[in-house]
Every structure is written in C-alpha cells, then in structure tokens.
Amino acid sequence: MSTFLIVLISVSAGTVLSSLLACLPGLHVYNVMGAMVLGILALEGSNWAVPVLVYLPAMTGMIVGWSMLNTIPAVLLGTPDESAMFTVMPGQKYLMAGRGYEGTMITALGGLAGAFFLVLVVAPLAPRYLPVSQEVLRGHMHWVLWIIITFIIMSEWPKGGNRGPAGWAKFYDAWKTLLMGIATFLLSGLLGFIILTRSPVSHEVAFQNIMPAFVGLFAIPWCLLNMISAANVPKQRITKSIEVDGDVILRSVWSGGLGGGLASYLPIVTGGVGGLLAGHATAQRDERIFIMGQGVSKFVYYVGAFMLMFVPGLYLTRGGGAWMIKTLYSPIGVSDYYLVLGCIAIAAAISYLMISPLARGTLWLIDRFNYRHVSSFALIIIVVMVLGVTGWIGLFIALVGTGIGLLPVLYGSRRLNCLGILLLPIACNMSGFGEAITAWLRLT
Amino acid sequence: MTDIQQVLPGHETQSQEMNCPSCHRYVGAVTRCPYCKAKVPKRISLMATRWAAILLATIGLFLLWLMAIHREIPVVMLGDIQPTMNFGQIRVVGQVLNDARTFRNGSMGFNVTDGTGSIMVFVSPRQALELNSRNLVPKAGDSINFAGGLNVSDQDMSMRLLSVSELKLTRAPVQDVELSAIHESMVGSGILVAGKVVDFSMPAPGSRRPYALKISDDTTERTITFWEAEYEQLANPDDLPGAYIRARVSVATYRNEIQLTLSSGADLEILSAPPEKPVRIQTPAQRAAETHRQQARPRDFSRGRSPEARGVAVSSVTTANKGQTLRVRGRVESVRAPQEGSRQPFVVTLADDQATLRVVYWSNVNDVIEVKPTPGAMFELEGLVEVYEDTPQLKVESGYRVRPVGDDDEAPAPSGEVPIADITAADQGQVRTLRGTLGAPRSLGKGTAYELKDDSGSIDLILWDSIVPADVRAGLEEGAEVVATGEVGLYQGQLQLKASPGRSVAPAR
C-alpha cells in the first residue's frame, strides 16, 4: 500500500475514533492517547510493531477530532474540560433556549476557522518567525508566567457582599469565593509540587503521572455535579442555518486565535487561561463571537501546540499530545511538517462533517436516556482508565484532586484556579526558587 | 393534608422534613419527634458538603505528602529505561564517567554509567553550589548513588538531579603523579599533581580562552586550564603566581596535546612549602591500579602468583565442580555489602542467560578489588567452588581475581562478528558486532550516522555523542574499515546499529 493511502486511512481512523470518544463527557483524548502509547511501546520489537506512518497521522487525527468534537459534551452535556470553561455559560443558555444544536455548530465552525487559520496563516509563517521569537523569549518566560498567575487571581471578582450592614459578615460573604479561589490555587499547586518532584505513581508509567490529578481536578467534579444537579433539558431544535456572518467569523478568529495561540506557545498556559487573556484583551461583547471564539481557541490551543513540535527549526514540545509523541518519535525536517499539516487539514474536514450527525445523535440520546446516566457512564470509564494505567495510587491521587476540584464548583470560584497544579511549581522552578520550596516541603 | 398533620398557618407548603414521618405532627428543626420519638431525617446542608470537600482535599494532600517523602525511589538500571518512564524519578547506582562540567549559567553536568548504559545528569545552579560547598562535585571514576528525574525522548535521555542530600559519592583513589610521568594512557582519569606556578594567564575580557596555570617540577612543565566558574571558586587566586600548589586534575587531550583540566576551584591547594615527591604506592589496591595503568597490553591476572583458572560460563558451574578453582564470567545482578558491624561476606549474584551464581568474598578481598562489581556490569571472577544450601557458590579469595569485562576493551562480542545481511528485525534489542566500511557521515544533531557496508549489505551505524566518547568518534572517517558493537534497532522501518557505550567502534585490524 502506498504511503499516501496508509496516512489517509490512519488519519481518518484516528479522527473518527476520537470524534466518537469526544462525545463522552469528561473523557480526555490524552488519556486515550496515553493508553495507546503504552500499547505501541509494548508492541515495539514484535511482529505487530506499529509503524510511525500509522500512529503519527492517527494521533494527529485524534487530537484534531477531539478538539473539534469536544464541543458536543461541552455545550449539550455541560461537561467541559477546563479549556472550554467559557463556552459553558453562553452554550448552556443556547441549550436551555432549545438552541443547543445551533450553539454546537457555531463552536464547531469556530474550530473549522481555526483549522484554516493554522494551516493557511500560521503554518507558512511559523518556520520563519517562531524560532526567532523563541530565542528572544527564552529567558523571559518566568516573569510572563507570574504575570499570568497574578492576572488569573486578581481578575476574579467578588460574587457576594452586596447587601446587609457593613462588617465582617459582609466582608466574608464578598471574599469567600475569592479566598476559596486562592485556596484552590495553592492546594493544587502543592499537589503539583508533590507529583512533579516525587510522584507516588510507579516510575514505569511516569509519563502519565499528572493524568490522575487532572482527572480529579477537572473531569470527576463535573461528572459528579452533573449526576447530582442535572437539569431537564428542553426540547431542542435542529436548524439548517446558523446566525453568524463573515464579520463574526473574522472577529472570532481574532480573539480565539490570540487566546489559543498564547496557550499553545507559552509553557503550561492552557486554553482556558489563553481564552481568559484574549477575552480581556479583545473585549468582544457579542455572545456569538464568544462561543465561536472558544471553538477557534480550543482548536488552535490543542492542535497548534501539537503542530509546534514539527515546525522546522523550532521543534517546541508543548501540550500533552506532543510530550506523548516525543516518547515515540522525534520529528525531522520539513517532510514531517507537511505530513502533520496535511493530516490536520484532512482531520479537521472529517471531524467538521461528523459534528452534525454526532450532535443529533447526542441530542437523541439525551432525549431518550437520563442525562445523569450518561455522566455516570463517563465517570465509570474515567475511573477504570485511571485505575488501569496508574493503579490504586493513581486513583487515590484522583480522589485528592477531586477534593480540590470540588472547591471551585461548590464555592462558585473559577475552576481555572486548579491549574495551579502546573502553573505554581513550574513558575517557581523557572524563577529559580522551586528547589527551596521542595526542600522546605522535605521533598528533596 | 391529613387530619393529624399540624401545619402552622401560612406554612402549608413547608418542607416535609418539618413533620414527623411517623406521626405526621409538626416537629420543626428537631431530629427526633418529641411525640412518638421517631427519627426525623433532615437535608444535608450544602455548607457541610463544602467543608467535606475541603477536608478531603487537605487530608488527602497531607497523606500524599507523607507518602512522597517516605517513598523509596526505585533503583533502575540505565539499560532498562523505557520511554514510558519519562518524568519518572529513579535512583541510579553507578560510576561517574567524566569530571562534572560547570556551564555558564552555573549549572553542572556529568555522565554516569552503571554497566548497562550511560546517561547525562544535569545539576541546577543551586545544587551545583551545594555540591561545591560539600565537596561532592562528581569526578571521573567516583562511585555514585543518586536520585533524579528522567527526561526520555525516542533518541536520547538525561536526568535532573533530584536532591543533593540524597547523593552518595565514594571518591575513586587518585594517583599522585610527577609531571614527567603523565602520559596518554592516563587520558580520561583523574590524577594529583604538584609543582610551582611559573605562569598564570587570564583570558582577555570577552575572550573565549580558558585560564592557564603553568606549573613546573624539577624536570617538566605542564599547563592546567580552567574556566571562570572554577577561578571564582579559588580561595586566594592572587597568591597563585610563584606559589607551590597541589591540584586534582583530569587528564585530557586537546589538539593531540595532553591537557590538564581543573574541574573545581576546591581541587587546588596552595602549599606553604615545596611539595614532597609523590608517594607513589600506598595501598595494595592502588598498587594494582598502577600496574594496570602502566601495562599497555591487557592486564595479566596471574601476576606471577598462580596460573589463570579455567574460564566457564555461569550456567556451567554445578555442585560437581565443588573444590575446583574456576574463572566465571557473567553479568552482575546484585551486590549486597555486609551490614556494618556484622561478620557477613559480600554477596554478588552473577548471571548469564540460563542461570545465576552466588559469589561471596570477605571485606579484605573487597578492599583490594580495583573496580567494584556493580549491578548490570559484566564481570569475571575467579574462586573456589563450594556448595551452599545444595547450590554451587563461588568463594573469591583474591581481589585481584575480580575484574570488569565488557564495554571498553576486553570483552568479546556477545555472539561474534556477523555479516550485515544476517541482521533482521528479529535481532532488535540484541547486541551485535559488525565489520564493515564507513560511508559518508550524517549529522543527527546530538550524534552522527554512518552507513556501514560489507559485502553482504549495509546498515546505519548510529553514534550518539552522549554515549560514544569524542575521541572514538573523532577517529572515524569515510572509507575506514571498522568493527562496531551495538544494539540493533529499528527506525522508520530501517534497521540500525546503535553503538554501545565506550569504545564500541574501533578500526579493524
């Protein structure tokens, strides 16, 4: 079989697989890819060894498919990952107004616009300018990270304290969400120090040692919340058109591309943080731009970060997908770059075409099955995956992460604070005092 | 509403939990009915769930922290490292390959081998300062035991030192050498030299030249070079011109000239009087090492004592050999030192593909062994076969009869030279020795690839910079006929031979 056909089949298979997986709330593509990496490594050296031309396009397709199709549970099931946190509120508004399908398609269109932006705008310029900017910014990342952390914490606003006589009770009412946000950030940062310095997870699966914590911080609290508080979803309308025009698309690409671009390029900064920064920077008021911009941002964040690994002269490893691929393969030259760009374009097209039938299918499922059961099923899959890959100790870490991840849910603060798990230890390490903290914690 | 249910006026829609589930009377906030004593279930306060989440998070974190600080980091052989161990924390027990180098940002790096592979270890600037202050900067030949974080990609791997407090270093004995006695066979080793400073030149500002300290003894002059980082560690650099000094230096070559390099300012001592002539031999182990270094030919184990015993494989040793003296070659699986104060022997487990053999020797024997057995390394040990718990055991009676074999010079290829065409995908992960002619070199960034050809076919020979010494790589050129030993791998569907650590590629004789 020719190389072209092998790549085409692999990328299509990866895209279809991840598109189906993306409909399951709470399940992250990186969890599935981690299990695949284990399988590929186990087969290495045997007669069933998986060639690079099979797994590389397939995994590219998985990342693209998931970043596009993850919109479905984010809008229709209200179970976003942290990078989609801003789509929940406007997206759920659409859902409760019976326009969940339209909201999903607007976000997906953002993803498609993001694919065009990446392949036609970023990709030709990246090999020329990104290596230079990387060289310039290399020594400055630590203070950039501290500014981002400060912005995340300071930009959270009080949600109470408006009524009643002045005094400590009113002060506490105003500050409790803010305090709990800071507590969440610090507790998750502490968890990050422990896991990154002296992880209890077995060294044999150390490449997945952060996964149980992420599952606990983000996926399990949302599944639990849905199981406890799922509202009845009103009858949904399937439309043949969506309420956007060229102006909305361009402004969405501007805000989403900026947010996703920041998240994919800066270390440790995720889509949610990038979206927060870009949202404030571009100050777009229109709800449609907000939803579509998140589609662009999510696509540029996940796929762009993966693409950076293949940019000739840069080879920057950003994001979980790139780190996992790096254990299997190191890109060389422009041919790999073209291969990945081609795979991104093909996978984006396939996944966009799949979103309408899969969104309809999900709406049919919601109509037919209890919303809570879907979340329960997702929770079981997540727990089994954590247990299978990292064992009981991984499950314990996920449990601790769940305790921390429930704090923002229960106190109404930002879930983004849970990203302290990476932001705090990495910023401290980059600034040169991480070791002092780990020594104080008796970890080193 | 039933007749017996009592509801306060205006509270008709109140929650059911205000009424007793048994007698249906209004009971208010109490949890037990004052009339019929039935239990009245109440809703759980959301505040309680919030505190439960905080409790779960803090208790869980505390337990995780306790577990993390008490967890023993597992010892992993470098040859067993898998890509899935990326970001993992492991412990390595091995030998330092080269003096630690200090980089411009103050961080440090050194290479370690444990007999199954080698790895570059990075030390942060803060840890480097601590290593310097505790005089724990690793030097070539030192035995080291440390924990670190792994960074593995499909082409190379490195480690970050986790903690200085968990680093254990046993210094290799350093030979005190006269300047005139320094020769090329010492390249790569550390020595102690002494003399009078006859010239001290500093690099011009902006220059990339090193500091040069020329010293002289009665007959010879040599130059010790070092960099800014080492200069700043010197106690009294202004006192150097004209002073008598003693320094622990590494012997290296630069442009085919022998060069002495100082890897730490703490290794240089200013003497108050002219140094005495080196006391050449101090211990039996040093004497053995000295003899070994001075002999160009492979080491003669007999040393005039007794003829070398018959060499056998581990699996060939049986209880029937009881009372015989045998020389056994195998890979060291484990080494157990006796507990302090006990009268136990050292126990080494030697293995080949089919069997293991328990080898024992006492501390006085261990003191004489020049290169101590380390797990994963190939060793040859000679001793008397005994029977212990119905299984054969080798009792080594002389430390001179314990020697490493393998990566460097004396170990034969595991299965002899094979034609290149005989290498197939089934050989992946196996060590093979090939003879062939080198094609044009191709840069791989952190290594070099050559096409290795013989009459039967060709294969890519990969030499990673971190694994194969620079002088070995420098000696290779297009058209040269070489014998190369390494592990067979598969990359993008093509077979390749990844050169083993050490002098695994040599010109064919």
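Most residues other than glycine have a negative phi. A second case is found in chain A, where Y315(A), also a residue other than glycine, has a positive phi near 45°. Y315(A) is placed in the loop between α12 (287-308) and α13 (319-326) of chain A. Because 19 C-beta neighbours lie inside 10 Å, Y315(A) counts as partly exposed.

Chain A contains 17 helices and zero strands. Of its 444 residues, 56% count as buried. Among the contacts in chain A with a separation of 6 or more, 81% join residues 24 or more positions apart. The mean pLDDT of chain A is 86, and 96% of the residues score at least 70. Where pLDDT is low, the predicted coordinates should not be read in detail.

S19(A) gives an example of a buried position in this chain. The residue lies in helix α1 (residues 3-22) of chain A, and S19(A) counts as buried because 27 other C-beta atoms lie within 10 Å. S19(A) is 45 residues from V64(A) in sequence, while their C-alpha atoms are 8.9 Å apart in space. Beyond its neighbours within four places in sequence, the contacts of S19(A) are G65(A), L69(A), S351(A), M354(A) and L358(A).

The largest nonpolar core holds 180 residues, and V303(A) and I344(A) touch the most other members. Helix α15 (residues 371-411) of chain A supplies the largest share of this core, 15 residues. Apart from its neighbours within four places in sequence, I344(A) is in contact with V303(A) and M307(A), and also with T60(A), V64(A), A115(A), L118(A) and V119(A). Another core lies apart from the largest one; its 19 residues include V314(B), V317(B), V365(B) and F379(B). In soluble globular proteins, nonpolar side chains tend to be buried together.

Strand β18 (residues 356-361) pairs with β20(B) in the parallel sense over three bridges, and V359(B) stands opposite L394(B). Strand β19 (residues 378-388) pairs with β20(B) in the antiparallel sense over five bridges, with L384(B) opposite K395(B). Two residues lie between the strands in the hairpin of β19(B) and β20(B), where E389(B) takes a positive phi near 50°.

Between the two chains, 38 residues of chain A are in contact with 38 residues of chain B. On the side of chain A that touches chain B, α2 (29-43), α8 (168-198) and α15 each supply at least two residues. The most, nine residues, come from α15(A). By class, this side of chain A has 24 nonpolar, nine polar and five charged residues.

Terms used
Residues numbered from 1 in each chain as written. Chains lettered and ligands numbered in written order. Predicted model: local features only at pLDDT ≥ 70, side-chain atom pairs only at ≥ 80, totals over all residues. Helix = DSSP H or I, 4+ residues; strand = E, 2+ residues; numbered from the N terminus. Buried ≥ 20, exposed ≤ 12 C-beta atoms within 10 Å, placed from the backbone. Contact = placed C-beta atoms within 7 Å. Core = buried A, V, L, I, M, F, W, Y, C linked by C-beta atoms within 7 Å. Pairing = 2+ DSSP bridges. pLDDT = per-residue confidence, 0-100. Nonpolar A, V, L, I, M, F, W, Y, C, P; charged D, E, K, R; others polar.
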